[in-house]
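User: I am new to this structure and would be grateful for a close look at its charged side chains.

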Amino acid sequence: MSTVDNYQDILDSRDVDSRIEELEAERDAAVEDGNPDDFTDGEELAALVAFRDEASGYCADWQYGGVLIRDSHFTDYARELAEDCGDLKHADRWPYTCIDWEQAARELQQDYTSAEFDGVTYWFM
């Protein structure tokens, strides 16, 4: 059973799809057994399906593993992305310690699209 919830800072679209498939299989099994009330994860399934439906049409890499970044984590994501690109050779020294990372994140978000996952905003390309 994979865990996908809106408390995670980074989600992979394949995990969203996988969790939806798991929940749909559980629902279908409960219906086939004649016990549809045994399926208690209907709200989770509905939230995941709504999120997928909203985001997948705009996320170019959805089927290959699109990265979905929680809004509250986006500033840290921007900093990590800059470090990964090699743009911060001496990030622990001036002038890098003076960078307004919130402003950098806002500018980076201009290239991203957002979608809501059960009341929480996630950003993706």
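With which residue does R14 form a salt bridge, and how far apart are the closest N and O atoms?

Analyst: This is a predicted model, in which local features need pLDDT of at least 70 and side-chain atom pairs count only at pLDDT 80 or more, while totals for chains, interfaces and linings use all residues. Residues are numbered from 1 along each chain as its sequence is written, and side-chain values use heavy atoms, with hydrogens and water left out.

The partner of R14 is D12, with 2.7 Å between the closest N and O atoms; a salt bridge here is a side-chain nitrogen of Lys or Arg within 4 Å of a carboxyl oxygen of Asp or Glu. R14 counts as partly exposed, at 45% relative accessibility (buried means under 20% relative accessible area, exposed over 50%, partly exposed in between, with a 1.4 Å probe and protein chains only).

The whole structure holds five salt bridges. Another of them joins R19 to E44, at 2.8 Å from N to O. This pair connects distant parts of the chain, since R19 belongs to helix 1 (residues 13-32) and E44, 25 residues away, to helix 2 (residues 42-55); helices are DSSP runs of H or I, at least four residues, and strands are runs of E, at least two, numbered from the N terminus. R19 is buried, with a relative accessible area of 4%, whereas E44 is partly exposed at 24%. R19, E44 and E22 are linked in a network of salt bridges.

R52 also forms a salt bridge, with D53, where the closest N and O atoms are 3.4 Å apart. R52 is partly exposed, at 23% relative accessibility.
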